[in-house]
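Student: Please take one part of this model and go through it closely. I would like the geometry with its cut-offs, and then how that part sits in the rest of the chain.

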Amino acid sequence: MRPPDEPGPEPVPAAEPRAGYQASLATVLREWGRIGCVGFGGPPAHIALLRKLCVDREHWLDATEFEDAISACNLLPGPASTQLAIFCAWRVRGRLGALVGGAAFIVPGLIVILGLSALFLAGAPPLWVRGIGAGAGAAVAAVAVQAGWNLLRPSWTRAKQAGSPRRIRWALYLLAGGTAAAVIGPWLVLVLLGCGLTELAVRHPPRRGSRDTPGPRTAPRITPLPLILVPAAAARAAGTARAAGTAVAAGGLAALAWTALKVGALSFGGGFVIIPLMRADAVGHHWMTSSQFLNAVALGQITPGPVVQTVAAVGYAAAGVGGGLLAALIAFSPSFIFVLGGARYFSSLRGNRRAQAFLDGAGPAAIGAILGSAIPLTAALTEPWQYAVLAGAMLLLLALRRGVVVTLLTAGAAGLIISLAGGPLPH
């Protein structure tokens with residue numbers, strides 16, 4: 001026996017969980033598929049379900065790592081809650097788990113939205129379907145305003161704490177995003193990237209050395225992979241804008257692929273920021289009417305899973321089931337690439353000042369775009385009763401704080417009653 005005063009062996013620190021060894025593929029398929037089936041309510045609901053599963057119940061991740069992952073996903077373009085689901089699956093079952101978990105999270109809602117698209121976007125849908133679509137579509141602009149307002153307040157608080165110059169730039173970015181969403185929706189992505197790169201340049205200007213008094217040599221800075229992808233995406237978008245514009249003008253699958261790429265790889269802010277990115281393409285190429293586009297946005301809100309699946313409804317309108325599947329594949333592929341290529345850097349990305357500076361520019365522009373999208377969405381309404389439904393939706397969402405799904409279902413019920421009573425419907 002060791003004497004009492006003799007020091008014992010050094011305690012062995014607890015090993016950190018290794019990615020890929022916490023759960024079986026069957027478990028990932030079952031649990032992520034369940035979240036994909038019951039995840040109504042958009043990103044807040046998805047985050048809550050993932051936290052309950054991975055942190056509270058199974059303890060696959062600790063709370064700090066989960067919060068770091070949320071922050072990192074918000075710094076990346078594309079659907080943040082989808083990227084979080086892919087990251088959590090990667091964390092518990094490695095690359096194959098990320099592919100299985102991500103697909104299980106996405107596919108249930110994708111099946112539902114394609115089925116509803118066949119019903120609501122048919123050439124001659126029944127009267128009751130048209131009534132529900134007209135009612136729910138009338139409330140979409142209110143949902144956009146609520147989404148933008150919920151993001152506006154915390155973003156402004158951060159800018160206000162940073163001083164007057166930051167507040168002025170914040171307001172300019174917000175205005176630029178709102179104007180772009182209302183006027184040049186298809187190229188909003190360039191405005192978002194431009195605002196992000198402008199803020200990055202202002203806060204971290206390139207260092208210039210002096211030839212006469214050279215400074216000491218410093219070690220090269222290692223930039224996390226996701227941060228490299230952001231300016232690379234900006235360069236690619238700017239370099240191919242002319243060619244892509246030609247493809248969009250020509251219509252067809254090339255235009256659909258470009259629309260889906262903007263949604264999945266080049267959109268900051270997620271959620272409703274995809275609306276101005278899609279609307280001009282969807283309506284301008286005559287894939288759908290303005291009223292049908294409102295229906296597509298409403299379908300993306302009331303179905304489970306990520307809201308970005310709205311792009312599948314646009315793809316369905318453009319080229320049937322194949323177009324819907326193609327649009328979804330292109331829109332969600334960048335999320336898998338970002339996570340599989342950069343998940344190991346997520347913990348450091350949260351504290352990366354350059355990544356945060358970029359988001360401080362792109363973020364307000366994205367919020368402005370969400371608010372600005374309400375203008376063309378409201379302009380798409382054609383019947384007087386739809387404006388009354390819109391006002392009621394504003395009351396439910398902003399004053400009474402009802403949920404989005406409940407509001408859209410209520411608006412759809414109002415449209416159904418009006419249609420059955422013989423009220424006029426959008427053509």
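Tutor: Start with Phe358, which counts as buried because its relative accessibility is 3% (buried is under 20% relative accessible area, exposed over 50%, partly exposed in between, with a 1.4 Å probe and protein chains only). This is a predicted model, in which local features need pLDDT of at least 70 and side-chain atom pairs count only at pLDDT 80 or more, while totals for chains, interfaces and linings use all residues. Residues are numbered from 1 along each chain as its sequence is written, and side-chain values use heavy atoms, with hydrogens and water left out.

Phe358 lies in helix 15 (helices are DSSP runs of H or I with at least four residues, strands are runs of E with at least two, and both are numbered from the N terminus). Phe358 and Ala201 are 157 residues apart in sequence, yet their C-alpha atoms are 8.7 Å apart in space.

Helix 15 (353–372) is also among the elements that cover the buried residues of helix 7, together with helix 6 (140–161), helix 8 (188–203), helix 11 (274–284) and helix 16 (374–379). The buried residues of helix 7 are Arg169, Trp170, Tyr173, Leu174, Gly177, Gly178, Ala180 and Ala181. Helix 7 runs over residues 164–183, and its 20 residues should span 28 Å at 1.5 Å a residue, which agrees with the 29 Å between its end C-alpha atoms; the expected span is 1.5 Å times one less than the number of residues.

The loop between helix 15 and helix 16 holds Ser373. Ser373 has a relative accessible area of 0% and is therefore buried. Its side chain reaches the backbone oxygen of Ile370 at 2.6 Å. With neighbours within four places in sequence left aside, Ser373 is in contact (heavy atoms within 4.5 Å) with Ala144, Ala181, Ile275 and Pro276. Ala181 is one of the buried residues of helix 7.

Now the nonpolar packing. A nonpolar core is a set of buried Ala, Val, Leu, Ile, Met, Phe, Trp, Tyr and Cys residues joined through side-chain atoms within 4.5 Å. The largest such core has 114 residues, and Trp32, Leu61, Phe87 and Phe293 have the most contacts inside it. Helix 4 (residues 80–120) gives the most to this core, 16 residues. A second, separate core of 5 residues includes Leu152, Ala159, Leu174 and Ile367; Leu174 is also listed among the buried residues of helix 7.

The structure holds 4 aromatic pairs (ring centres of Phe, Tyr and Trp, the last by its six-membered ring, within 6.5 Å; planes under 30 degrees apart are stacked, over 60 edge-to-face, the rest tilted). Trp32 and Trp60 are a stacked pair, because their centres are 6.1 Å apart and their planes stand at 20°. Phe87 and Trp90 form a tilted pair, at 5.6 Å centre to centre and 35° between the planes. Phe87 and Trp90 both belong to helix 4, 3 residues apart, about one turn, and together with Phe346 they form one aromatic cluster.

As for the whole, the protein chain has 18 helices and 0 strands, and buried residues make up 50% of its 427 residues. Of the contacts with a separation of 6 or more, 77% are between residues 24 or more positions apart.

Terms used:
Polar contact = N/O pair within 3.5 Å; in protein donor to acceptor, adjacent residues only side chain to side chain.
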